[in-house]
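Let's take a walk through this fold together. Have the structure open and turning on your screen as you read.

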Amino acid sequence: MTPKHPSESLTILTDLVLPSETNPLNNLFGGELLARMDRAASISAGRHSRRIGVTASVNHVAFNKAIPLGSVVIIEAKVSRSFRSSMEIYIDVWVEDRQSGNRTKANEAIYTFVAVDDTGRPVEVPQLIPETELEKQRFDAALRRKQLSLVLAGKLNPHEATELKALFQ
Ligand SMILES: CC(C)(COP(=O)(O)OP(=O)(O)OC[C@H]1O[C@@H](n2cnc3c(N)ncnc32)[C@H](O)[C@@H]1OP(=O)(O)O)[C@@H](O)C(=O)NCCC(=O)NCCS
């Protein structure tokens, strides 16, 4: 399978925050943002693998900044590392100022998708070759995050989580 670069899975969703998508403080409802990020991640995983992708886990979400009603929200997702059948998707969320066009980073999240066949069985995906400095950093840390996610899901014995153990040695 030919390896791919993160830029090949780059997915950008740009949308507004409408009244029906806000909380009582008139900011974007967290669940709405999760759904938008899941959609972007799904497309990104599909672009990398050219397979059906299912959300296996949401490893990290940081709601650092509230996003007010009427904002222009830009969600950028791309594969940060692929393993055998799973892909880590790193998502950056930006808010665009309507007048200046300047972007402010609002949130970020990390999702894991698994490529599956028509019967839902995991299938192999292409390897990823990071290019930029940021892509390389995210690639290097992804194995640690995968092990943490598997330990928390009860799918990996902590004693076998070599990358995590290395952090404490
Ligand atoms: C995700 C799913 C396909 C994994 O199936 P499984 O039987 O656990 O398969 P495997 O054990 O072979 O794991 C497949 C891959 O998923 C990874 N994986 C499974 N659970 C994971 C988790 N919690 N976090 C990170 N990776 C996970 C495994 O490490 C493996 O990765 P690799 O092949 O790259 O090494 C299966 O659990 C599933 O279909 N879940 C439902 C998905 C879904 O419907 N999502 C939408 C929610 S509404």
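Before going on, a word on the ground rules. Residues are numbered from 1 along each chain as its sequence is written. What you see is a predicted model, where local features need pLDDT of at least 70, side-chain atom pairs count only at pLDDT 80 or more, and totals for chains, interfaces and linings use all residues.

I89 has another partner on its other strand pairing: in β5, that is Y111. As background, strands of a sheet pair through backbone hydrogen bonds, either parallel or antiparallel. Here, β3 and β4 run antiparallel and are joined by 10 bridges, with E96 in β4 as the bridge partner of V72. A hairpin through three residues links β3 to β4. Next along, β4 and β5 also run antiparallel, joined by 11 bridges. Their hairpin has six residues between the strands, and in it G101 takes a positive phi near 80 degrees. (Strands count as paired if DSSP finds at least two bridges between them.)

Zoom out, and these strands belong to an open sheet of five, in the order β1-β3-β4-β5-β2, with antiparallel pairing. β1 (11-16) and β2 (52-63) stand at the edges with a single partner strand each, so one side of each has no neighbour in the sheet. Neighbouring strands are turned by 25 degrees against each other on average, direction ignored.

Along the sequence, the pattern reads β-α-β-β-β-β-α-α, which gives three helices and five strands. (Helices, H or I of at least four residues, and strands, E of at least two, are DSSP runs numbered from the N terminus.) The chain's radius of gyration is 17 Å, close to the 15 Å that the globule rule gives for 169 residues, so it is as compact as a globular protein of that length. That radius is taken over C-alpha atoms, and the rule is 2.2 Å times the number of residues to the power 0.38.

Where do the helices go? α1 lies across β1, β2, β3, β4 and β5, at about 45 degrees to β3. α2 lies across β2, β3, β4 and β5, at about 75 degrees to β3. (Axes are lines fitted to C-alpha atoms, for helices over the stretch in contact, and angles run from 0 to 180 degrees between N-to-C directions.)

Now for the inside. The largest nonpolar core has 31 residues, and M37, A41, I89, I91, Y111 and F113 have the most contacts inside it. Two or more residues each come from α1 (30-49), β3 (72-82), β4 (86-96), β5 (103-116) and α2 (133-152). Such a core is a set of buried Ala, Val, Leu, Ile, Met, Phe, Trp, Tyr and Cys residues joined through C-beta atoms within 7 Å. Buried means 20 or more other C-beta atoms within 10 Å of a residue's own, exposed 12 or fewer, and partly exposed in between, with C-beta atoms placed from the backbone. By that count, nine of the 11 residues of β4 are buried, against 32% of the 169 residues of the chain.

Y111 is worth a click. Leaving aside neighbours within four places in sequence, Y111 is in contact with M37, D38, A41, T55, V58, N59, I89 and I91. (Contact means C-beta atoms, placed from the backbone, within 7 Å.)

Key
Contact = placed C-beta atoms within 7 Å.
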